[in-house]
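Subject: The structure, and what turned up in it

Hi,

Here is the structure I said I would pass on. Have a look at it first, and then read on for my notes.

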Amino acid sequence: MTLRRFWSCSLLFFLLWTGGELAAAEGFRMDFLWKTNRKEERLSLLRRGPYIRIDQAANLFSLIYNVELQSFLGLEHLDAHFWSFDWPTIHAHATASRENRWRLRSDPFPEDPTLVPFSPSAPSPSPRASVFHDLARFSWVRNAGQEDRWKGRSDEAEEAEVLATPWGKERQAFWLSTVQQMKTLCQVFHFLLGREAWPESSLAIWLSLPAESGMPLEMSWRKAGGEEGRLRLLAQQWTDPPAESFTAPKDYARESLEEIEGFLP
């Protein structure tokens with residue numbers, strides 16, 4: 001086989017494979033390196049059907065969220081335990097309970113009209129998502145002479161810089177819907193347990209970037225108080241992760257969470 005024929009066949013195979021992947025895959029795995037001040041941590045983000053999984057390797061912790069049921073499954077890998085709860089049950093009980101009503105105020109979920117979840121199999125958009133509070137909104141300008149670099153500034157004087165690459169429309173829409181749903185899960189998780197599932201500044205940057213910017217390969221931000229952060233995409237795989245990645249391992253024992261016992265019936 002000649003070299004030209006070899007490369008032609010390879011290119012045809014690549015186009016057919018990526019085209020089939022784009023049409024079929026409704027899931028992905030992405031690995032990131034997150035740096036904030038002197039802390040460095042590897043984060044993984046997985047998506048399959050209604051499930052989103054976040055892995056925090058440094059904390060030996062995984063969080064699995066079902067976007068349809070608004071249910072949470074936490075895997076504590078250090079001691080092989082898991083816990084679970086669903087937000088609708090907690091929200092309904094807390095708002096009906098005189099003891100807990102003050103903790104939720106009147107309604108912690110004001111509607112955000114900018115969030116319109118995307119479903120690859122649905123012909124029309126799903127209802128709007130609701131969130132605790134809006135994230136920082138950035139105004140963006142493209143760097144002169146650098147088509148792939150953007151600079152942003154928020155109303156809160158937070159500054160950001162992004163290195164991005166173009167994406168296909170289907171992938172970008174699916175990615176954006178996942179980030180929108182991550183916003184809700186991260187805020188519920190932080191409200192109930194006081195823990196951070198994903199760096200909030202990166203969510204604000206992802207959600208506010210212009211559509212033509214594409215996928216951020218690397219982003220950095222600096223808050224008015226001096227806090228700095230950076231998130232870099234290390235690897236991506238556009239296939240459905242294994243189904244068992246979104247359930248508790250069989251040898252893990254269930255435990256209860258004291259933090260949410262007061263919210264449960």
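Where does Ala 80 lie? The place of Ala 80 is the loop between strand 5 (71-76) and strand 6 (81-86). Strands here are DSSP runs of E with at least two residues, helices are runs of H or I with at least four, and both are numbered from the N terminus.

Before the rest, a word on the source. This is a predicted model, in which local features need pLDDT of at least 70 and side-chain atom pairs count only at pLDDT 80 or more, while totals for chains, interfaces and linings use all residues. Residues are numbered from 1 along each chain as its sequence is written, and side-chain values use heavy atoms, with hydrogens and water left out.

Ala 80 has a phi near 55 degrees, a positive value in a residue other than glycine. As background, most residues other than glycine have a negative phi. Ala 80 counts as partly exposed, at 25% relative accessibility (buried is under 20% relative accessible area, exposed is over 50%, partly exposed is in between, with a 1.4 Å probe and protein chains only). Ala 157 also has a positive phi, near 70 degrees. Ala 157 sits in the loop between strand 8 and strand 9 and is partly exposed, with a relative accessible area of 29%.

Twelve strands make up an open sheet with mixed pairing, in the order 7-8-9-10-11-1-2-3-4-5-6-12. Two strands pair if DSSP finds at least two bridges between them. At the edges are strand 7 (138-142) and strand 12 (253-254), each of which pairs on one side only.

Some of the pairings, one by one:

- Strand 1 and strand 2 (residues 39-48) run antiparallel and are joined by ten bridges. Phe 28 has Arg 47 as its bridge partner in strand 2. The hairpin of these strands has two residues between them, and Asn 37 takes a positive phi near 55 degrees there.
- Strand 2 and strand 3 (residues 51-56) are antiparallel too, with six bridges. Leu 43 is partnered by Gln 56 in strand 3. Their hairpin has two residues between the strands, and Gly 49 in the turn has a positive phi of about 55 degrees.
- Strand 8 (residues 149-154) and strand 9 (residues 159-165) run antiparallel with five bridges. Gly 152 finds its bridge partner in Ala 160 of strand 9.

Asn 143 is in the loop between strand 7 and strand 8, and it is buried, with a relative accessible area of 13%. Leaving aside residues up to four places away in sequence, Asn 143 touches Arg 149, Trp 150, Lys 151 and Glu 161 (contact means heavy atoms within 4.5 Å).

On to the aromatic rings. The whole structure holds 19 aromatic pairs; rings of Phe, Tyr and Trp (its six-membered ring) pair if their centres lie within 6.5 Å, and planes under 30 degrees apart count as stacked, over 60 as edge-to-face and the rest as tilted. Phe 28 and Trp 175 have ring centres 5.8 Å apart and planes at 55 degrees, so this pair is tilted. Phe 28 is in strand 1 (residues 27-36) and Trp 175 in helix 4 (residues 169-193), so the pair ties together parts that are 147 residues apart in sequence. Phe 28 is buried, with a relative accessible area of 0%, and Trp 175 counts as buried at 5%. Ring pairs also link Phe 28, Phe 32, Trp 167, Phe 174, Trp 175, Trp 198, Trp 206 and Trp 238 into a cluster.

After helix 4 comes Gly 194, with a positive phi near 65 degrees. In helix 5, seven of the nine residues are buried, so this helix is largely enclosed as well. Those buried residues include Leu 203, Ile 205 and Trp 206. The buried residues of helix 5 pack against strand 1, strand 7, strand 9, helix 4, strand 10 and strand 11.

Cheers
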